[in-house]
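Take a look at the model below. This report follows its packing, its cores and its ligand.

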Amino acid sequence: MNTKGIIFDLDGVIVFTDKFHYLAWKAVSDELGIYFDEKINNRLRGVSRMDSLEIILEGGKREYSENEKIEIAEKKNEIYKGYLSKMTPSDVSDEVRKTLTELKKRGYLLAIGSSSKNTKYILERVALSDFFDAVSDGTNIKKSKPDPEVFLKAAEFIKLSPCECAVIEDAFAGIDAAKSGGMTAVAIGDAASYEKADIVLGTFSDLLKHF
Ligand code: BG6
Ligand code: MG
């Protein structure tokens, strides 16, 4: 392992916006009369907004038109952004902030690799906009995780080859993306039980034991 750069997923790794995604999708699916729970929510980790909606609509009793799907996704995003607007720098734990700062001190290039189109807004809310060396997100990709595009772009932005990068992920789809991109896959949270991960973290600061 010759790691020079570390690419972090955002939702569920740096910030716990995964719970806001859940609450927003829950509100929308309750209104549609579609069953939705935490287990289904775990399948949405790392998956784009429209692909997430397709997974939710699997539980629906009818087909939805493209226009209806766009409307539902927009509604979900409005509810989600309502939660984001209340975020403050205190939504990034001391543990995460201190670990990121220490990794930077150790000379690693640090990037974000997130499927979310709200990435820049979230980074702004938590005062991390200027912290990372690069941000690759839902606005610069065509295919979301498990496709490696978002991480390959992040590596390109920090001018490293994939094998010089480690990816920190809470999503099974994100671990798959890191592996198929040729990167070291580091799992935390929900992804910690995934056997494809190269390294498993019990807690975020465990990063300092490996890098
Ligand atoms: C990922 C989340 O980071 O971003 C997914 O894990 C989410 O749950 C995806 O669907 C897209 O997010 P957004 O903010 O563009 O709707
Ligand atoms: Mg995530």
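Predicted model: local features only at pLDDT ≥ 70, side-chain atom pairs only at ≥ 80, totals over all residues.

Which residues of helix 1 are buried? They are Asp18, Phe20, His21, Tyr22, Ala24, Trp25, Val28 and Ser29. Look at how they are spaced. An α-helix has 3.6 residues a turn, so residues three or four places apart point the same way.

Helix 1 itself covers residues 18-32, which makes 15 residues. From its first C-alpha to its last, helix 1 reaches 21 Å. That is close to the 21 Å expected at 1.5 Å a residue. Gly33 follows helix 1, and its phi is positive, near 75°.

Now turn to helix 3. Its buried residues are Ser52, Leu53, Ile55, Ile56 and Leu57. Helix 1, helix 2 and helix 4 are among the elements that cover them.

Next comes the core. The largest nonpolar core holds 33 residues. Phe8, Ile14 and Phe132 have the most contacts inside it. Several elements give two or more residues to this core: strand 1 (5-8), helix 1, helix 4, helix 5 (94-105), strand 2 (109-113), helix 6 (119-125) and strand 4 (165-169). Helix 5 gives the most, with three residues.

Another core, of 21 residues, lies apart from the largest one. Its members include Ala154, Ile175, Ala187 and Ala191.

Last, the ligand. How many residues surround ligand 1? There are 15, and the closest are Asp11, Val47, Arg49, Ser116 and Lys117.

| Residue | Polar atom | Distance to an oxygen atom of ligand 1 |
|---|---|---|
| Leu44 | backbone | 3.0 Å |
| Arg49 | side chain | 2.7 Å |
| Lys117 | backbone | 2.7 Å |

Arg49 uses a side-chain atom here. Lys117 uses a backbone atom, and Leu44 uses a backbone atom too.

Definitions and conventions:
Residues numbered from 1 in each chain as written. Chains lettered and ligands numbered in written order. Heavy atoms only, no water. Helix = DSSP H or I, 4+ residues; strand = E, 2+ residues; numbered from the N terminus. Expected span 1.5 Å × (residues − 1). Buried < 20%, exposed > 50% of the residue type's maximum accessible area, 1.4 Å probe, protein only. Core = buried A, V, L, I, M, F, W, Y, C linked by side-chain atoms within 4.5 Å. Near = heavy atom within 4 Å. Polar contact = N/O pair within 3.5 Å; in protein donor to acceptor, adjacent residues only side chain to side chain. Contact = heavy atoms within 4.5 Å.
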